[in-house]
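Dear colleague,

Please find the structure below, handed over for your work. My notes on its helix packing follow.

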Amino acid sequence: MATEARRRLWLALGTTIVLLAVLVPPGRAASSAPRVLTVAVSQSVDSLSPFLAQRMVATTVHRLIYENLTNYDVKDGRAVPGLATSWTASPSKLVWTYAIRRGVHWSDGRPVTAADAAWTFTTMMENPEAATAHGSYTANFRKVTAPDPHTLVIELRKPQATMVALDVPIVPRHIWSRVRDFSSFNNDRTYPVVGNGPFVLTDFRVDRFIRLTPNRSFWRGAPHFDELVFTYYKDGDAAVAALRKGEVSFVHGLTPAQASALKRETGITVNDAPGRRFFALATNPGARSLDGRRFGNGHRALLDPAVRKALIHATDRRTIVEKVFRGHAVEGAGYIPPRFRSYFWQPSPGQRMDFAPAASAALLDRAGYRLKGRQRLGKDGRPLRFRLLCHAIDPNDKAVGRYLREWWGRLGIEVRLDCRDNVSDPWLRGDYDLAFDGWSVSPDPDFVLSIHTCGALPATPRGTGSTDNFICDRQFDALYRQQSAEYDTVRRADLVKRMQSRLYDTGYLHILAYPNAVEAYRTDQIASITTMPEDGGNIWGQDGYWSWWSAKPTVGTAARIAVGPSAASVLSGMAAALAVALLVAGLVVRRRRATADDRA
C-alpha cells in the first residue's frame, strides 16, 4: 500500500512539472509569477469585429491584434511602415502600390500576404455591412489586387489624400472568408483570435475583462509583459481604489479630484497631457437614412438655427473648463483639437458665439419663442422642454448637464437629463434631443470629418452607418470631397478649416472643451511606458500600439489580476493542488507505515 501511495505521489508531481514546462514561457523560471499589466476600463465593447467596432476600447484592441498597412510615428504622427514596408504612387496618384512585409505570420502560423489585405479592402467595397466602421476609406477605391504575395495594388477613381493613413485593420482571409453575415458576426466565438499584431486576443467576457497575450513572433519584437488585461470598473472611484491597492496597473479618465489625490500617493505617477479628444454637445438634426426616410423623435424646435445658436450663446464654456475640468482642458472652438496644429481652427471675432445670455434671449424672442412667465414657449404654444442624453458613468456629463439646466433654465427652457448605461440604442434610433458627444482625432482627420457627411447616414432606419449625429449638409460634403482629394498639405489644411467653420455655423455640434488625457499608473508595476507623442503625450487611446507594446514591468514585481483564469491563477492553482497532493499522500504513507509498524 505504501508503494502504491508513493507511485501516485510521484505521478502527480511529474504531471505538474510537465504542465509547468508548457505554461511557463522559455527563459522564465517556473517560480517567477507571470507579469500582468492590468488596465481599468469603463466603456463596453460594441463589437470585436474590426468591420463594425467604433468605440475606443474595441478599436484599441484591434490596433493591438491586427496591423494596418501603415502606422503613425510615435514622435510626430507621420506615416511609418506597418504591414507595408514602403509605398509608391503613380504620376496620376490613381494607382498606389504597397510592398507587403516579408516573413510575417498570423498567430496560427499561416503567412500574412498581400492577398489578405486585398480581401479585406475588397470585402469592404462589395459588402455595405463590412464597410460600417471604415467605409469612408474604401468608398473611392476602384479595384484592389494582389499580383503576388508581397505586392498590393489599389486603384482609385480620383486622388485620395489618405492613402498613407488608411486606418483599416487587415484581417486573415482564411478566417474571415467564412463569415456569412458581417452585420452580426462580432469576432467573439473562438479564442485565441487569429491576428498579426503585437498581442493575441485570448479571452473576453462582456463587461468583465479582455485578455491578451504577447505575440512572440511580432516583427518589432514581443511585448514585455506576459499578459495585458482590460478589466471593467463601472465606477471611476472603484477603479482608482483598485489602483491604490495594486489590483490594477493603470487608470485613465481621471477626474481633477482623483488626479490631485493620486499625485500625493507614493508609487503612482499621474500623466496629465493635452488630449486628442473633443467634448461636445450634439443636437439631433432630424434623424434620417440614405433612402430618405426620417425616424426618431428629436424636438422640432432644434431644427431652427435660431434655437441652436441661442443655446450656444447660453452656454459658458469657460466655466465648464474651470469648474468641471478644473483647468485640465482647453476651451472648445473648432472641431479639431489644438494638439493638431496644422488643422486647428478658431472662429473669427465676428463669427464666434460666446456666452451672452442677453443675446440668447433676444434671438429666441425675434424667432417667435415667447417667454410666458418663467416658461419659454415653442411656436406650437407648448413649453420648450429638451431631453439631454448622457452617459451614466461619466461624471463630466452629469456636471455639465447640471450647468446647462441652470443656464438654459434662465431662458425659460427646461432640460431633463437622460443619463443611461447604454446611450448607443437611443442614439441610433434618433430618440434624443441633445446628447453629449466626443471623438478621438487621429493625425489625419479624414475619418472624424467623414462621419458628418451625407454618405455616412444609415442605409435604412434600422441600419447603423458610420454617422455620428445624422448631419447631412451639402456645403460640408462638397468641402469634404475637396480635402479628401487634395495632396498639398497647406491647401488641404485650409479646406479642413473651412469645413470646421461650416460645421460651427450650423450649430449642430457645439465643441465645449478639449479635455486633457488625465491618467495614472503604478510605478511598482510599470517601470516605463511610451506616451504619444513621446514628449508630453497620452498613454490611453493612442494612434497605434506604442504604449502597451513598449511597457516594461518593474523588476522584481508582478502585477496582480483578479478576473478570469489567467496563466497566473492556473499556476497558483496547480501549486496549491500539488501541495494538497503532497500533504495527503504524505499523511497516507505515514499512516500506513505506522499501521504496519504497529502490527510488527
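**Helix packing and burial**

In this predicted model, helix 8 (residues 305-313) and helix 10 (residues 357-366) have axes that come within 8 Å and cross at roughly 165°. Angles over 145 degrees count as roughly antiparallel, and helix 8 and helix 10 are therefore roughly antiparallel to each other. The crossing of helix 8 past helix 10 is left-handed. On the helix 8 side, the contact is formed by A306, V307, K309, A310, L311 and H313; helix 10 contributes P357, S360, L363 and L364. Sorted by class, the residues of this contact are seven nonpolar, two polar and one charged.

Helix 9 passes helix 11 in a right-handed crossing. The residues that make the contact are T319, I320, K323 and V324 from helix 9, together with N396, A399, V400, Y403 and W407 from helix 11. In the contact of helix 9 with helix 11, six residues are nonpolar, two are polar and one is charged.

Helix 6 (residues 236-245) may be examined for its burial pattern. Which of its residues are buried? They are A239, V240, A242 and L243. Viewed down the axis of helix 6, these buried residues fall within an arc of 155°, so they line one face of the helix. As a general point, an α-helix has 3.6 residues a turn, so residues three or four places apart point the same way. On the other side of helix 6, D237 and K245 are exposed. What do the buried residues of helix 6 pack against? Their partners are strand 1 (36-41), strand 11 (250-252), helix 7 (256-262), strand 12 (268-273) and strand 21 (517-522).

For the protein as a whole, the secondary structure comprises 17 helices and 23 strands. Of the 600 residues in the protein, 53% are buried. Among contacts between residues at least 6 apart in sequence, 70% join residues at least 24 apart.

With kind regards

Definitions and conventions. Residues are numbered from 1 along each chain as its sequence is written. This is a predicted model: local features need pLDDT of at least 70, side-chain atom pairs count only at pLDDT 80 or more; totals for chains, interfaces and linings use all residues. Side-chain values use heavy atoms; hydrogens and water are left out. A crossing is left-handed if the near helix is turned anticlockwise from the far one by less than a right angle, and right-handed if clockwise. Helices (H or I, at least four residues) and strands (E, at least two) are DSSP runs, numbered from the N terminus. Contact means heavy atoms within 4.5 Å. Ala, Val, Leu, Ile, Met, Phe, Trp, Tyr, Cys and Pro count as nonpolar, Asp, Glu, Lys and Arg as charged, and the others, Gly among them, as polar. Buried means under 20% relative accessible area, exposed over 50%, partly exposed in between (1.4 Å probe, protein chains only). The arc is that of the directions from the helix axis to the C-beta atoms. Axes are lines fitted to C-alpha atoms, for helices over the stretch in contact, and angles run from 0 to 180 degrees between N-to-C directions. Angles under 35 degrees count as roughly parallel, over 145 as roughly antiparallel, 65 to 115 as roughly perpendicular and the rest as oblique.
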